[in-house]
Amino acid sequence: MSRPRAAIVVTGSELVRGERDDRNGPFYAREALSLGLTPERIVIVGDDPDDLEAALRAASEADVCLVSGGLGPTHDDRTVELVARVSGRQLRVDEDLEARIEGVSRSIADRLNRPYADFAAGVTKQATIPEGADVIGVAGTAPGLVVAADRCVFVVLPGPPGELRRLWPAAVASAPLRAVLDGTRPPGRRVLRFFGASESAVARALADVGGDGDGVEATICARDFEIHVDLVVEPGAETRGDMIAAALRAPLERFLFSEDERSIAEIVLELCRTRGLRLATAESCTGGMVAARLTDVPGSSDVVLGGVVAYANEVKTAELGVAGALLTAHGAVSAEVAAAMAAGVRSRLGADVGISVTGVAGPGGGTQEKPVGLVHFHVSSPDGESGRQFSLPGDRETIRARATVAALHLVRTVLTRSRHEDE
């Protein structure tokens with residue numbers, strides 16, 4: 001089935017220089033696919049107008065061009081001007097838009113105790129848009145625009161991810177984009193998330209069922225000990241999609257932890273919530289990353305009580321009650337200290353579940369007995385204790401990220417086992 005094509009252009013020299021990660025391109029691609037568009041490519045370009053114009057012209061060969069960034073009031077914000085040029089439209093000042101942006105800018109000027117004259121030129125610049133463009137909203141002072149050219153619909157949204165996502169629903173509802181989407185059928189999806197399985201084992205299981213194709217596209221992605229399998233299923237290929245999912249599930253069932261889009265943090269929170277359990281973290285080498293991953297989830301406050309980052313031994317003793325003799329006998333990176341940390345944070349914060357992490361993240365600090373990458377985990381819960389250790393490969397950032405995920409999966413394992421025992 002041939003679906004309308006989408007090309008994505010993300011602007012910003014800070015992205016090209018690697019100073020910031022692109023969050024808009026992947027968002028656009030996911031949303032485009034869910035609407036029945038085929039995302040063809042994501043292009044990241046800097047603020048050079050020649051480079052941006054070339055990228056926009058190439059993208060205009062698609063049915064939809066999704067653009068982010070370059071809508072501000074400064075000289076290097078050239079996106080709207082160049083979209084007008086590529087789409088063959090004249091620029092004009094939209095008086096209603098100018099009045100709206102002026103109101104926001106005057107409020108900013110008042111808060112900063114600056115004269116509005118400092119903002120006036122920028123306001124007019126941001127209100128200068130291609131003739132016939134649909135203004136779908138304003139985020140801050142940046143307008144969101146939809147421009148219908150002869151062959152391509154341009155969706156132009158601000159660069160800050162929060163602002164782009166706020167205006168996106170209005171872009172989807174706009175008449176020019178709806179005209180492209182009418183008659184399209186979004187593909188279905190099957191998602192399988194594994195922890196502890198190797199990428200090669202998953203690839204082998206896929207190969208054993210004949211691989212993808214015939215209306216099913218499979219992607220396998222390794223992320224911090226998790227293997228994410230996504231099956232994009234075209235209309236009419238649902239039976240084959242189900243068959244491939246079943247063929248992956250059967251040999252790898254003990255590693256399968258999710259068949260939806262929930263993260264491991266969301267799953268842990270829901271397991272605790274279902275049983276009315278409160279959780280606390282005690283972290284050394286991860287420096288609070290486990291607690292951060294949990295509290296990134298909205299509504300986590302009904303489960304997460306708090307956490308203790310006990311990097312130094314004296315903090316482990318003073319805040320978590322880890323005995324000095326235990327630290328002397330076994331060292332901070334040990335199963336015994338991990339168990340004491342988990343029990344300590346559970347007791348000190350009054351939690352039902354305590355999870356601890358202690359290890360050597362590197363690049364220094366490792367020994368022959370305790371090399372870089374050695375991490376101990378422990379969960380203390382109403383249903384008992386469970387500890388684990390991993391030797392995690394990678395640099396410091398990778399080891400800490402993998403340790404965070406492994407800690408959450410240990411909690412999941414303990415709570416899932418307890419739930420099944422209760423049943």
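What volume does the largest cavity have? The largest cavity has a volume of about 30 Å³. A cavity here is a set of points, on a 1 Å grid over the protein atoms alone, where a 1.4 Å probe fits but cannot get out. The volume is the space filled by probe spheres set on the points, which are joined across faces, edges and corners.

Before I continue, please note that this is a predicted model, in which local features need pLDDT of at least 70 and side-chain atom pairs count only at pLDDT 80 or more, while totals for chains, interfaces and linings use all residues. Residues are numbered from 1 along each chain as its sequence is written, and side-chain values use heavy atoms, with hydrogens and water left out.

A search of the whole structure finds one cavity of 30 Å³ or more. Among the residues that line the largest cavity are Thr11, Asp47, Asp76 and Arg78.

I turn to the pocket. A pocket is an open set of points with protein on both sides within 12 Å along at least five of seven lines, and lining residues have an atom within 4 Å of a point. The largest pocket holds about 1,400 Å³ of space. Its lining comprises 34 residues, and Arg30, Arg193, Arg223, His228 and Glu261 lie nearest the centre. Elements giving two or more residues to this lining include helix H2 (24–34), strand S9 (188–195) and helix H11 (264–275). H2 gives the most, with six residues. Helices (H or I, at least four residues) and strands (E, at least two) are DSSP runs, numbered from the N terminus.

Next, the sheet. Five strands form an open sheet in the order S14-S13-S15-S16-S17, with mixed pairing; two strands pair if DSSP finds at least two bridges between them. Strand S14 (304–309) and strand S17 (384–391) are the edge strands, each pairing on one side only. Within this sheet, strand S15 (residues 353–359) and strand S16 (residues 374–381) run antiparallel and are joined by six bridges. Ile355 stands opposite Val379 in S16.

Finally, charged pairs. A salt bridge is a side-chain nitrogen of Lys or Arg within 4 Å of a carboxyl oxygen of Asp or Glu. By this rule, the count comes to 24 salt bridges. One of them joins the side chains of Glu131 and Arg92, at 3.5 Å from N to O. This pair links distant parts of the chain, 39 residues apart: Glu131 lies in the loop between strand S5 (128–130) and strand S6 (134–139), and Arg92 in strand S4 (residues 91–93).
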